[in-house]
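Let's take a walk through this structure together, starting with the overall picture and then stopping at a few residues along the way.

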Amino acid sequence: MKHFVVVGAGQAGASVVAKLRSEGFDGKISLIGAETVAPYQRPPLSKAYLLGEIGVDRLLLRSDDWYQENNIELRLNTRVVEINPAAQTLTLSGEETMAYDALALCTGSHPRTLPAKVGGELDGVYTVRDLLDVDTMAPEFVEGRKLLVIGGGYIGLEAAAVAAKKGLDVTLVEMAPRILQRVACEETSTYFRDLHTAHGVKIVEGVGLDHLIGEERISGAKLTDGTTLDVDFAIVGVGIMPATILAEAAGLVCNNGIDTDHQGRTSDPHIWAAGDCANLTFKGQKLRIESVGNAIDQAEIVAQNMMGKGIDYTPAPWFWSDQYDTKLQIAGLNIGYDKVYVKTTDDPMVRVHWYFKGDELIAVDAMNSAKDYMVGKRLIEAGKSPAPEVLCDPETNMKALLR
């Protein structure tokens, strides 16, 4: 009987094992995760879960019974300490050895942290990545306390929104000239700057963190412009790094993630990779796509290819972010855009930003406009690029553009 092993019990790992069974794989499946909780959704951690609107039970992707019913060995609180590709074995914590016929690495990513020399190891300094992170910081969210958010990406902005809704005094510092600079156009940055400012968040752009102040616990922060802030706690949201330590130690080719071919195979023919840790090819360039959608879609292709299906993976990126009463939905990747066209409505909270590269529609940011997002996503996937003035006209029948 063949034994397929999946390392990493997150969204990608859970999707691999589910697809293996739904595609008819009848061998042994082992899913190994370092956390003590069964695979769960991560995006709500910095949104509904941190707000206390949902509990752990609603985060779980599958019930415990599902793994038993599908004969999937779920090994939680277990770490893989070594991969031996030549022997096709893993060494687990406790020096247990596990053999595999095919291995999928779904190890995800980990947050960048601040170095100790600037106070990154002080008590009261947090990152947002897993359930334990959020459970640990949750008691800090008390009305009137002062929060410093370091980093103006989506994680930082989502944490700031939760804190503001809970009545905290929030300051967000972004060293780049504008928030969301790495991932969005200036128009989208402006929308979210205005949104947060309207909810009382103080956003400081173009200024970095010099160091955090405190002996054992954070009590303040000094910024690069000389400003000193009183701080009760801080959240660091300065990006993530692919979890590649295992792969690198095993001799797999890694470059900003674990290198994969079009089918998700690594440089070893018996090892695959999917999710945040995988460096894939999109429109001729190598990159990682950090999203739930990619984790699911790529994982399902990898599962089929572990069974010998030989299917190429074509990414169709999509993302979302919830902040206050705004839902941002993104389709496509805006890499290389040279023009942004803005669609407005009578409601200032409803806006759509269409990204073009030359005459090609490559991405869309839709704020509180699900219809534009859905149509835009399908247009991008179909390679269709309507004229910008048509996309921006509120009178356009958007669905008709798909015909």
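This is a predicted model: local features need pLDDT of at least 70, side-chain atom pairs count only at pLDDT 80 or more; totals for chains, interfaces and linings use all residues.

Asn368 sits in the loop between β26 (360-367) and α10, and its phi is near 55°, a positive value in a residue other than glycine.

Now step back to the whole chain. There are 11 helices and 26 strands. The radius of gyration is 22 Å, close to the 22 Å that the globule rule gives for 403 residues, so the chain is as compact as a globular protein of that length. Its C-alpha atoms fill a box of roughly 60 × 60 × 35 Å along the principal axes, and 53% of the 403 residues count as buried.

Leu180 is another non-glycine residue with a positive phi, about 60° here. You'll find Leu180 in the loop between β11 (169-174) and α7 (186-198). Leu180 counts as buried, because its relative accessibility is 2%. Trp354, in strand β25 (residues 351-357), is at 0% relative accessibility and so counts as buried.

On to the charges. Side chains of opposite charge can pair when their charged atoms come close. A search of the whole structure turns up 17 salt bridges. One of them joins Arg42 and Glu35, with the closest N and O atoms 2.9 Å apart. Arg42 is partly exposed at 28% relative accessibility, and Glu35 is partly exposed as well, at 22%.

Glu158 and Lys47 also meet in a salt bridge, 3.4 Å from N to O. Glu158 belongs to helix α6 (residues 154-165) and Lys47 to the loop between β2 (28-32) and α2 (48-51), so this pair ties together parts that are 111 residues apart in sequence. Glu158 is buried at 4%, and Lys47 is buried at 9%.

Asp372 and Lys343 form a salt bridge too, their closest N and O atoms being 2.9 Å apart. Elsewhere, Lys19, Glu23 and Lys309 are linked in a network of salt bridges.

Finally, look for a positive surface patch: Lys371, Arg378, Lys384 and Lys399 form it. Of these, Arg378 lies in helix α10 (residues 370-382).

How values were computed:
Residues are numbered from 1 along each chain as its sequence is written. Side-chain values use heavy atoms; hydrogens and water are left out. Patches are made of residues with over 30% relative accessible area and no salt bridge: like charges are joined within 9 Å, nonpolar side chains (Val, Leu, Ile, Met, Phe, Trp, Tyr) within 5 Å. Accessible areas come from the Shrake-Rupley method with a 1.4 Å probe; for residues, only the protein chains shown count as cover. A salt bridge is a side-chain nitrogen of Lys or Arg within 4 Å of a carboxyl oxygen of Asp or Glu. Lys and Arg count as positive and Asp and Glu as negative; His and the chain ends are not counted. The place of a charge is taken as NZ of Lys, CZ of Arg, CG of Asp or CD of Glu. Helices (H or I, at least four residues) and strands (E, at least two) are DSSP runs, numbered from the N terminus. The radius of gyration is taken over C-alpha atoms; the globule rule is 2.2 Å times the number of residues to the power 0.38. Buried means under 20% relative accessible area, exposed over 50%, partly exposed in between (1.4 Å probe, protein chains only).
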